[in-house]
Amino acid sequence: MKSNNVTTKLHWDEDILRALKEDIPWEDVSANAVVPEGVRGRAELLAKQSGVIAGLPVFARTFELLDGSAETVPHVKEGDEVVKGQLVAEVFGDIRAILSGERTALNFLQRMSGIATYARTASKLLAGADVRLVDTRKTTPGLRSFEKYAVRIGGAGNHRFNLSDGVLLKDNHIGAAGGVKQAVAAARAYAPFVRKIEIEVETLAQLKEALEAGADIVMLDNMTLDTLKEAVALAKGRAEIEISGNVTKDNVAQYASLGADYISSGSLTHSAPILDLSLKNLKPLS
């Protein structure tokens, strides 16, 4: 798998190199000790548990940055579900590069596959419902592009990528502006006309004020199920509706039939465990 697409070149190489430099400040003493000269080899990427694979291009690119001749041959596609013991891919290249890049490549792939697995599980619980599950900005610093990519591979969607991406007025913005109406008015005056204005509300009173102020999207934050039902009934047809606040794969199904347009969940990125994968059976090629 030669991962030379534009996305990789523009967005991933710098972050992968930063991770490699963290692990290899000046040399890999262990690899250079046991393999003093360049020898081409092969290793197997194996699944140690069942889940969804995401991040194969990042995994492959890690080795390519250490060895331009390295090649990863996948046996599955991005988004495929694998089972414990399955051969996921083969890696070919300079054995020193395989040894040096192994942990970094696996760290990326395990993290991204874990997020995709969590997102797939949560998304399936909303199957048949006319609502979209999306992530948040609760990501690992420096790894957001990888983690949000993994969310999409898992079948969920992305909320804002960053603070420049869109207007979302939260409780502290409301406090700083002096109220819901003032915050919406200020955002409307400042933001380009092509931008929607989203505002977080925690009570029905705030929701009514947001709707009267002309908010495009209302985020119903940390409301009880009964209050959510009332809120959705009030907002339906007047603004897009997002449900948010402590949503996990364990409780997301209870929000499916309420009539919201979106359900956002920080747990997609901040609470997903890794998918256990391993690089094994490294051998020289004769």
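## Charges

The mean positions of the chain's 34 positive and 37 negative charges lie 2 Å apart. Here Lys and Arg count as positive, Asp and Glu as negative, with His and the chain ends not counted. Each charge is placed at NZ of Lys, CZ of Arg, CG of Asp or CD of Glu.

## The model

This is a predicted model, where local features need pLDDT of at least 70, side-chain atom pairs count only at pLDDT 80 or more, and totals for chains, interfaces and linings use all residues. Residues are numbered from 1 along each chain as its sequence is written, and side-chain values use heavy atoms, leaving out hydrogens and water.

## Overall build

The chain has 10 helices and 12 strands (DSSP runs: H or I of at least four residues for helices, E of at least two for strands, numbered from the N terminus). Of its 286 residues, 49% are buried (under 20% relative accessible area; exposed is over 50%, partly exposed in between; 1.4 Å probe, protein chains only).

## Salt bridges

The structure holds 17 salt bridges (a side-chain nitrogen of Lys or Arg within 4 Å of a carboxyl oxygen of Asp or Glu). One joins R42 and E44, with the closest N and O atoms 2.8 Å apart. R42 is partly exposed at 22%. E44 is buried at 17%.

R111 and E147 pair at 3.1 Å, N to O. They sit 36 residues apart, R111 in helix α4 and E147 in helix α5. Both are buried.

K148 bridges to D135 at 2.7 Å, N to O. K148 is in helix α5, and D135 is in the loop between β6 and α5. Both are buried. Shared partners also join D13, R61 and E64 into one salt-bridge network.
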